[in-house]
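Hello,

My notes come after it.

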Protein chains: 2
Amino acid sequence: MNINDNYLNLEQSYLFPMIAKRVAEFKKNNPEKEVISLGIGDVTLPLPQVCVKALIKASQEMGQKETFRGYGPEQGYDFLLEAIINGDYKPLGINLSKEEVFVSDGAKCDVGNIQEILSVNNKVVICDPVYPVYLDTNIMAGREISKLICKAENNFVPQIPTEKADIIYLCSPNNPTGSVLTHKHLKEWVAYAKKNNSLIIFDSAYKEYIQDPTLPRSIYEIEGAKEVAIEIRSFSKTAGFTGLRCAYMVVPLELKGQSPKGLVSLNTLWRRRHTTKFNGVSYIVQRAAEAIYTQQGKKEIKEMISYYMQNAKIIKEELGKKFKVYGGENAPYIWLEVPCDSWQFFDELLNKCAVVGTPGSGFGEGGKGYFRLTAFGSRENTLKALERIKKL
Amino acid sequence: MNINDNYLNLEQSYLFPMIAKRVAEFKKNNPEKEVISLGIGDVTLPLPQVCVKALIKASQEMGQKETFRGYGPEQGYDFLLEAIINGDYKPLGINLSKEEVFVSDGAKCDVGNIQEILSVNNKVVICDPVYPVYLDTNIMAGREISKLICKAENNFVPQIPTEKADIIYLCSPNNPTGSVLTHKHLKEWVAYAKKNNSLIIFDSAYKEYIQDPTLPRSIYEIEGAKEVAIEIRSFSKTAGFTGLRCAYMVVPLELKGQSPKGLVSLNTLWRRRHTTKFNGVSYIVQRAAEAIYTQQGKKEIKEMISYYMQNAKIIKEELGKKFKVYGGENAPYIWLEVPCDSWQFFDELLNKCAVVGTPGSGFGEGGKGYFRLTAFGSRENTLKALERIKKL
């Protein structure tokens with residue numbers, strides 16, 4: 001049998017495994033040193049107690065014949081779909097039906113899987129620097145990819161391209177740069193997509209970190225966006241679900257794609273894909289996600305986000321004394337302009353401070369000379385890391 | 001943007017949603033009747049208590065800072081990989097390394113996703129009747145598909161084809177026919193695959209239902225199978241995990257695929273795919289899966305399987321008086337030869353007995369005139385359904 005040759009076009013190694021390898025080597029050679037990671041975007045605070053309670057209750061249900069649940073609806077239980085619609089969209093004045101929301105086990109999965117219903121001949125535009133998954137998954141599928149370099153002079157906001165694109169990935173609040181698209185930016189992108197028959201894949205996994213109340217949380221706040229955009233969100237960073245696994249994707253009924261037989265509903269195609277290749281998210285995890293939308297859940301999450309955003313503020317203030325710093329105000333990422341090559345800075349920080357960050361060049365050409373730190377550490381470790389960097 | 005036109009080649013509706021629709025209509029028109037489903041292959045017994053305990057313990061860990069876990073290794077935690085290797089393979093004399101086992105959230109997902117690392121130009125051979133996911137996912141990918149009709153005269157065991165195939169799906173114990181491949185059959189298939197450079201995707205999701213100790217549980221019991229076969233397994237039917245979601249796939253290091261640059265390790269390709277598009281199974285679910293391999297876990301599962309297999313025996317004996325019956329001895333599926341069209345029998349059974357089964361024709365041409373019942377009901381419902389069918 002033949003392999004999918006597109007895989008031969010991938011770079012040798014995915015960014016984070018490569019970091020993990022260097023860190024492992026450092027630890028092996030320096031077993032006495034305490035390494036602090038502000039690198040990979042993983043949370044450190046425990047699950048909200050309201051979620052733990054929901055997990056335990058649902059686990060007990062699963063152990064009783066009367067309340068046991070087997071296969072659930074692939075797109076998610078009604079209780080969670082309703083919580084999402086009422087909790088995340090209604091307050092923004094956005095109406096969605098349950099048919100438009102698909103619960104999944106991760107935004108990373110959705111980013112990759114959604115492509116399956118789209119032609120491999122579509123031209124893709126990807127911002128640069130970028131979350132590597134957008135790029136790698138499109139290389140695996142063999143699509144033509146253009147990079148849209150985001151520059152410091154525009155505060156790393158992607159500028160509307162002059163060329164036509166079929167699919168555009170936008171991430172706001174942005175990973176890795178921490179930039180956020182305003183209503184004005186999004187309006188321009190929606191207009192561009194309408195004009196060019198493009199699909200926007202809008203990743204707002206970090207929307208809960210937006211502090212400025214004037215900034216848009218959802219692309220559907222823009223009129224007409226339902227005709228051009230899919231929105232991907234996750235509970236990973238919203239509620240510390242990185243180890244629990246739950247996310248969702250909105251595929252509006254208005255959204256259509258071209259085919260030799262005329263326009264086709266992307267919602268219908270995705271429903272077919274989702275029900276054929278996926279069996280739903282664990283029932284107990286869906287109950288935990290539902291709990292986030294209770295009054296107690298909202299309170300616990302707010303505290304969690306404030307904690308991380310306080311870290312972001314501390315990092316930004318301290319490193320702002322030495323470096324030019326972006327992000328960190330409406331996003332858990334701090335993006336530093338560094339005075340050397342990104343991997344050189346990575347090695348320097350690791351070897352001299354035992355602090356792990358992420359080299360900006362790992363996110364693409366546009367990230368060269370930059371470095372990403374995250375606000376997801378504990379306060380104690382964040383402060384300790386900053387002390388060490390100060391002495392650098 | 002353009003859609004993936006291959007989706008236009010799919011049949012209108014996936015089998016089980018179509019059944020659900022007819023049942024919903026029947027219930028609406030007959031609200032007083034109690035419908036018994038022996039249709040979709042979903043379990044009804046609650047989770048083993050040992051799994052519930054593991055879920056609760058792991059949920060509590062997730063709520064404490066000291067024991068919280070965020071992103072885990074995408075391919076699964078070592079504790080589960082080791083439990084699988086030592087529990088499922090060592091007793092069969094099969095040695096696997098942890099690098100060869102990938103934990104996932106479902107066999108259905110694995111069946112579809114594994115194709116991504118394989119060329120769309122590979123010719124696929126699929127048995128017929130067949131689990132519809134093999135077929136639909138390959139149609140979505142646009143592959144050329146040949147059907148290998150499995151006949152009653154061979155006890156529904158697929159016979160080695162004369163033509164060359166690049167990829168072959170084998171399912172044993174079989175869904176829907178309940179047939180099981182012997183060592184002799186598997187040896188023939190492995191020899192065929194070696195001769196033709198084919199890849200066997202061996203789905204043994206129902207291996208725990210094998211009662212006959214002389215039958216193979218794993219394709220790797222056959223010498224040389226690691227060079228030609230991927231094995232897919234699931235905890236759904238083994239331990240009632242249909243609503244919990246956990247499975248695994250073995251991609252041996254020996255397995256190679258062709259490319260313009262020479263032979264490529266499928267294990268390396270799959271690791272890349274798995275780490276790029278997937279973020280691991282929920283930690284708490286992995287702990288529940290681990291618990292299955294404890295002494296208490298093994299005991300509870302054995303009881304669960306016996307319960308279902310006792311149902312299978314009862315169905316087989318009773319319906320054997322009226323119909324020609326296959327399967328049900330080493331598989332939870334009972335495959336009936338019916339005296340009319342499969343959907344006609346479905347409607348008859350639904351309308352006259354309020355019993356739901358699965359029309360054999362839903363599994364392909366080769367299933368026409370057959371009907372699938374499952375042993376996953378409660379004893380009470382199984383007996384009640386048989387009483388009603390008796391009166392038909």
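How many residues of domain 1 of chain A are in contact with domain 2 of chain A? Please keep in mind that this is a predicted model; in it, 36 residues of domain 1 of chain A are in contact with 39 residues of domain 2 of chain A. On the side of domain 1 of chain A that touches domain 2 of chain A, helix H10 (295–319), strand S11 (324–327) and strand S12 (333–337) of chain A each supply at least two residues, and the largest share, 5 residues, comes from H10(A). Sorted by class, that side of domain 1 of chain A has 19 nonpolar, 12 polar and 5 charged residues. As for the domains themselves, the assignment for chain A gives domain 1 as 5–47 + 295–390 and domain 2 as 51–291, and their C-alpha centres lie 24 Å apart.

The same surface serves both copies, since 100% of the contact residues of chain B recur in chain A.

The contact between the chains takes 71 residues from chain B and 71 residues from chain A. H2(B) gives the most to the side of chain B that touches chain A, with 7 residues, and by class this side has 32 nonpolar, 26 polar and 13 charged residues.

Best wishes

How values were computed
Residues numbered from 1 in each chain as written. Chains lettered and ligands numbered in written order. Predicted model: local features only at pLDDT ≥ 70, side-chain atom pairs only at ≥ 80, totals over all residues. Contact = placed C-beta atoms within 7 Å. Helix = DSSP H or I, 4+ residues; strand = E, 2+ residues; numbered from the N terminus. Nonpolar A, V, L, I, M, F, W, Y, C, P; charged D, E, K, R; others polar. Domains from an automatic or database assignment.
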